[in-house]
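These are my notebook entries on a structure that I had not examined before. I record what I looked up, topic by topic.

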Amino acid sequence: MFQINENYLKLQGSYLFSSIAAKIRAYTELHPDKKIIRLGIGDVTLPLAPAVISALHDAVDEMAVQETFHGYAPDLGYEFLRSAICTNDFRSRGADITVDEIFISDGAKSDSGNIGDIFSVNNRVAICDPVYPVYLDSNVMDGRAGDYVPETERYSRVIYMPCTEYNGFVPDLPKEQPDMIYLCFPNNPTGMTISKADLQKWVDYAREVGAVIIYDAAYEAYITEKGVAHTIYECDGAKECAIELRSFSKNAGFTGTRLGYTVVPKQLKCGDVSLNALWARRHGTKFNGTAYIVQRAGEAVYSEAGKKETAAQVAYYMRNASYIRTSLLDAGYTVYGGVNAPYIWLKTPHGMTSWEFFDYLLEGANVVGTPGSGFGPSGEGFFRLTAFGSYENTKEAVERICRM
Ligand SMILES: Cc1ncc(COP(=O)(O)O)c(C=O)c1O
């Protein structure tokens, strides 16, 4: 009889979004006349930028003609896109990344889940708490997490790094020594970020203990403050210890179009073994390339018009973020995030749990957000609101919350 990967049985049910959906369903059945505003899910709402749409149309037309038709894309991505990324996302920031260190993919979720393929299951993994759930669950699947301990709500082999009000939502260096460290800045779900100086401390630490950093910079485009690194490769020595994950989802609205990339520097080695070569092998074996038309759309994000249009979209969402943040602060709430990220991390008032506040908001304001406890034990007592809605809905939702 065949056997399954029993690590999957250790996964804890992800009830977060299904529980939210069930609660909304139940409420709407009882109150069909109420208009519910959703500030819960981290999906964009604005349409693709005109420059991107135009590139998509052109690429589709190319596919209709024998001479310009494209079959399988190169495994690692088309040169035109890798080179636009290299120039605009790295060279322009003084980061010495080369084209052959960039691997095009269908998004940061797949890459953050798959990157574990090139690492030993014996590695100890450190993750932030609260956290984007993919880092944890993919390590559970791979067998790196140990057993789930219900009393502590934690896995036995994972090193949890609490991100709380006390450390400004930037993790302290762990007491136990990790082999793989997952960092995400600007952060989902807390909406907070790390200064370049503090990120440098992580790079120095990783090099000292021989750990690799998996750095998720999916929200890089939302950075507004000076002194925040747009890529980990702005830090000295990062090419020797860090892999960076990037996405076109939040900077250019590609959540439904699917495009991302991963940077694996050639200097990053385990003994004599180059991780760049391992990831190239993994990518070439298990992935057959991102669609030509999507890569052309990605290239258009870096055109003059594309840059302008996508920056305007980010600004639109950040206007929402700022509105949520300042209005809730004025109303007496304790609020974090929303300055360098499209997420607001709200402290629940009067000691309510995250789920109690969810019910309070749903019933009292007909507004839906995401309970912080769904992102990890240290998220209890917090609540995430996203800035990805329309300005009108966001304004109305916030006014309702403030009136409560
Ligand atoms: C931190 C983080 N990384 C990655 C992703 C997924 O990105 P993509 O759409 O490129 O798969 C998300 C999506 O919400 C995210 O919040």
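Before comparing helices, I note how axes are defined: they are lines fitted to C-alpha atoms, for helices over the stretch in contact, and angles run from 0 to 180 degrees between N-to-C directions. I also note that the model is a predicted one.

**Entry 1. Helix 10 and helix 12**

I looked up how helix 10 lies against helix 12 (residues 391-403). Their axes come within 10 Å and cross at roughly 10°. Angles under 35 degrees count as roughly parallel, and helix 10 is therefore roughly parallel to helix 12. I then listed the residues that meet: Arg319, Asn320, Tyr323, Ile324, Ser327 and Leu328 on the side of helix 10, and Tyr391, Thr394, Lys395, Val398, Ile401 and Cys402 on the side of helix 12. By class, I recorded seven nonpolar, three polar and two charged residues in this contact.

**Entry 2. Helix 2 and helix 10**

I turned to helix 2 (residues 50-63) and its approach to helix 10 (residues 304-330). The two axes come within 7 Å, and they cross at roughly 130°. Helix 2 is therefore oblique to helix 10. In helix 2, the residues involved are Pro50, Ala51 and Val52, which meet Ala305, Gly306 and Glu309 in helix 10. I sorted the residues of this contact into four nonpolar, one polar and one charged.

**Entry 3. The two domains**

Which stretches make up the domains? The domain assignment gives domain 1 as 13-42 + 305-403, and domain 2 as 52-301. I noted that their centres, taken over C-alpha atoms, are separated by 26 Å. For the contact between them, I found 24 residues of domain 1 against 31 residues of domain 2. On the side of domain 1 that touches domain 2, the elements giving two or more residues are helix 10, strand 13 (335-337) and strand 14 (343-347). Helix 10 supplies the largest share of that side, five residues. I recorded the classes of the residues on that side as 11 nonpolar, 12 polar and one charged.

Strand 13 pairs with strand 14 in the antiparallel sense over three bridges, and I found Gly337 opposite Ile344 in strand 14.

Ile213 stands opposite Ala242 in strand 9.

**Entry 4. The ligand shell**

How many residues surround the ligand? I found 14, of which the closest are Gly107, Lys109, Asn188, Ser247 and Ser249. Helix 4 (residues 108-114) gives the largest share of the shell, three residues. By class, I recorded four nonpolar, eight polar and two charged residues around the ligand.

**Entry 5. Backbone details**

Lastly, I looked for particular features of the backbone. Asn188, one of the closest residues to the ligand, is joined to Pro189 by a cis peptide bond, with omega about 15°. Pro189 lies in the loop between strand 7 (180-184) and helix 6 (196-209). A cis bond also runs from Asp129 to Pro130, with omega near 5°. I placed Pro130 in the loop between strand 3 (125-129) and helix 5 (133-142). Glu153, a residue other than glycine, has a positive phi near 60°. I located Glu153 in the loop between strand 4 (148-149) and strand 5 (154-155).

Key
Residues numbered from 1 in each chain as written. Predicted model: local features only at pLDDT ≥ 70, side-chain atom pairs only at ≥ 80, totals over all residues. Helix = DSSP H or I, 4+ residues; strand = E, 2+ residues; numbered from the N terminus. Parallel < 35°, antiparallel > 145°, perpendicular 65-115°, else oblique. Contact = placed C-beta atoms within 7 Å. Nonpolar A, V, L, I, M, F, W, Y, C, P; charged D, E, K, R; others polar. Near = placed C-beta within 6 Å. Domains from an automatic or database assignment. Pairing = 2+ DSSP bridges.
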